[in-house]
Structure formats: structure tokens, C-alpha cells
Amino acid sequence: MRARLTALTGTLLLLTGCGAADMTKQASPFADARGARTVTLSVQSWVGAQANVAVAQYLLESELGYRVDTVQVDEVPAWDALSQGRVDAILEDWGHPEQEKRYVEDKGTIARGGGLGVTGHIGWYVPTYFAKRHPDVTDWKNLDRYADEMRTPESGGKGQLLDGSPSYVTNDKALVKNLDLDYQVVFAGSEAAQITQITRFAKEKKPFLTYWYAPQWLFEKVPMTEVRLPAYEEGCDADPAEVACAYPHTPLQKYLNAGFARNGGDAAAFLKKFRWTTEDQNEVSLMIADQKLTPREAARKWADSHASTWKAWLP
């Protein structure tokens, strides 16, 4: 989901051109270091995922003596890299049933690492200041009434539905088509670019309709109200082309390379126990994205005040 290329202190971002690394062809530069205790973590582009990795990295290094390498890779390719052992763990997955069936159930090359402790939800949102003036906008059936107000130069004469990166989990193009809405999906390109547009609209008190997700620190800076889409029912999103329902609430999951899960020692045991709350994640995310701390500084600050939480993760 959710691709700002944020460099984490003490880590290596492997990039090809302006895109994420193809980790199916790359290996950790520490992988062959004699006697090294190393872990390679996949870090997704959104700040909540960066917060997970920052804290895990800080504690693996400071408490367990590991060398941690991180690589940024898009959501689906991350599963390929994990299956091949190019990365050891994904700490926040928003649901990829095809990859789960292929690698966990059929091939057995990836192992479930347990829940992250955070429940994610994708939805469509309008700014709360606009919803207060026009309460009916929070029902999808009324969105077309406001399409003209949501129009931008990029939306081709229709209302704009602002999305982040095309690589994120999104049903929005199908939803617009199947609900017969007078809107055009416009991709900002990354979470950072989407945040820039949202904050600019909010500063000018303009209406907007955006794909967004919780947990996310931006809600504290720009209050947004969710638009009610047709209710989610199990299986209503099975055919990507025919989706006409809301996104589910998804308990976010961790996944480990199967070999690492068996033989990864204290690091694997630690990552399996890593579990925190939405409030914890948002606290670290806010420090990184809004207060401009480095991920390592934010992780250290959080760890200093939450020892009772993270000590339970230690093997």
C-alpha cells in the first residue's frame, strides 16, 4: 500500500533508477560476512511501515547485537524477495491472498510471523470541514453532487479521487467504474506526494476526495471523515474487476522467510514477538514525518519510554 524513499539511519536503500530495488536479483551486502549476525528487513514506502522497521532495527542492533540491513521494495515484489531469502521479514502486510497461497500454502517458502497488533483500513475520505458543511457527502450515492467541486486540472473534467502510488492495494478504478461515479482516479505517485496535496488543499480549505488509510498520523493534522461505500462482505472483492464494495478492516500481518523462521535464532524469535498498538505506531510515525526526527532517533525516543512493551519481545 501506501513511495517515499526515506533513508533510514545506518541502513542501505538499494535503488534502480528512480524506482524501488528489484530484490529478486539483489542480496544483502552483509549476507556473506563471516560470523556476522545479520538481518535484512523489507521496508515499505509508507511511514507506518517505516516506523515498524525503525523500532525493530534499533532494538535488534542495540539489544541483540545484530547488523540490520533494510531495503525498500514494492508490496508484491517484496513477497518474491522474501520467498527467495533476499529479505528475511516483512513487518506490515495489508493482505495479498494470491502471494500467501503461492508462497505460504503451496511452496512453503514463507512462514506466517503473527499479527503486528495493528488493524488497517483503507477507505475514501473527505476533509471534515467539508463534511460538516455537506453531511450528505459521506454517502457514496451523493458523491456525484460534488464532482464539480472536486475537479482538478488532472482529473479530465471529472471529480478527482486522489490515490497515492499505483503499487498500493487499491480497488479504486474498479469502484469508480462499477459504482458509475463521475470521478477520475489520479495517482499522486507516493504517500509523500499525496500528503503534500492533502495538506495544500486543507490549508486552502478546499474540498477533496482521497483514498487514505488508518492508522496514519496525518489524521491528527488534517481531520478527515470517511465516505460510506457499499458494505464490505466476505468475497465481495474476490474479482478485482467487479469490486463494488468497501475495503475490509485488515489485521496487519508479519511474514518471515521460512528458512529464517526456523533458523534465524534470536532475531526470528524477536520478530515473531514484535507486536504493538496503533497508538505506538502513530507515535513513532508522527516523530518521523511531522517532527522530522530520523527513524533511528524516533525509535530510540519511543524505546526509552516504552521499555515494558519491547522487553516482552526479547527472546
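**Legends to close-up views of the predicted model**

**Figure 1. A disulfide joins cysteine 236 to cysteine 245, with an S to S distance of 2.0 Å.** The model is a predicted one, in which local features need pLDDT of at least 70 and side-chain atom pairs count only at pLDDT 80 or more, whereas totals for chains, interfaces and linings use all residues. Residues are numbered from 1 along each chain as its sequence is written, and side-chain values use heavy atoms, with hydrogens and water left out. The structure holds one disulfide (a pair of cysteine sulfur atoms within 2.5 Å). The torsion about the S-S bond of cysteine 236 and cysteine 245 is about 85°, so the disulfide is right-handed. Cysteine 236 counts as partly exposed, at 23% relative accessibility, whereas cysteine 245 is buried, with a relative accessible area of 3%. Here buried means under 20% relative accessible area, exposed means over 50%, and partly exposed lies in between (1.4 Å probe, protein chains only).

**Figure 2. The chain as a whole comprises eleven helices and eleven strands.** Helices (H or I, at least four residues) and strands (E, at least two) are DSSP runs, numbered from the N terminus. Of the 315 residues in the chain, 52% are buried. The accessible surface comes to about 13,700 Å², and carbon and sulfur atoms account for 48% of that surface; areas come from the Shrake-Rupley method with a 1.4 Å probe, and for residues only the protein chains shown count as cover.

**Figure 3. Aspartate 280 is buried yet has no salt bridge.** Aspartate 280 is found in helix H9, which spans residues 278–289. The nearest side chain of opposite charge, that of arginine 275, is 9.7 Å away (Lys and Arg count as positive and Asp and Glu as negative; His and the chain ends are not counted). A salt bridge is taken as a side-chain nitrogen of Lys or Arg within 4 Å of a carboxyl oxygen of Asp or Glu. The side chain of aspartate 280 does form a polar contact of 3.4 Å with that of tryptophan 302. A polar contact is a pair of N or O atoms within 3.5 Å; within protein, one must be able to donate a hydrogen and the other to accept it, and residues adjacent in sequence count only if both atoms are side-chain atoms. Leaving aside neighbours within four places in sequence, aspartate 280 is in contact (heavy atoms within 4.5 Å) with Trp302, His306 and Thr309.

**Figure 4. Arginine 296 and glutamate 61 meet through their side chains in a salt bridge of 2.9 Å, N to O.** Arginine 296 lies in helix H10 (residues 295–305) and glutamate 61 in helix H1 (residues 47–62), so the pair ties together parts that are 235 residues apart in sequence. Arginine 296 counts as partly exposed, at 25% relative accessibility. A search of the whole structure finds eight salt bridges.

**Figure 5. Lysine 101 forms a salt bridge with aspartate 106, and lysine 206 forms one with glutamate 204.** In the former pair, the closest N and O atoms are 3.1 Å apart. Lysine 101 is partly exposed, with a relative accessible area of 45%, while aspartate 106 counts as exposed, at 52%. In the latter pair, the N to O distance is 3.1 Å. Lysine 206 is partly exposed at 38%, as is glutamate 204 at 42%. Salt bridges that share partners also join Glu100, Glu105 and Arg112 into one network.

**Figure 6. Tyrosine 146 lies in the loop between helix H4 (128–133) and strand S7 (159–163).** Tyrosine 146 counts as buried, at 8% relative accessibility. Not counting residues up to four places away in sequence, tyrosine 146 touches Phe130, His134, Asp136, Val137 and Tyr183. The C-alpha atoms of tyrosine 146 and tyrosine 183 are separated by 10.0 Å, the two residues being 37 residues apart along the chain.

**Figure 7. Asparagine 171 is placed in the loop between S7 and helix H5 (172–178).** At 18% relative accessibility, asparagine 171 counts as buried. With residues up to four places away in sequence not counted, asparagine 171 touches Asp237, Val243 and Tyr247.

**Figure 8. Valine 87 is found in the loop between helix H2 (75–83) and strand S5 (89–93).** Valine 87 is buried, with a relative accessible area of 0%. Valine 87 and asparagine 257 are 170 residues apart along the chain, and their C-alpha atoms are separated by 7.4 Å.
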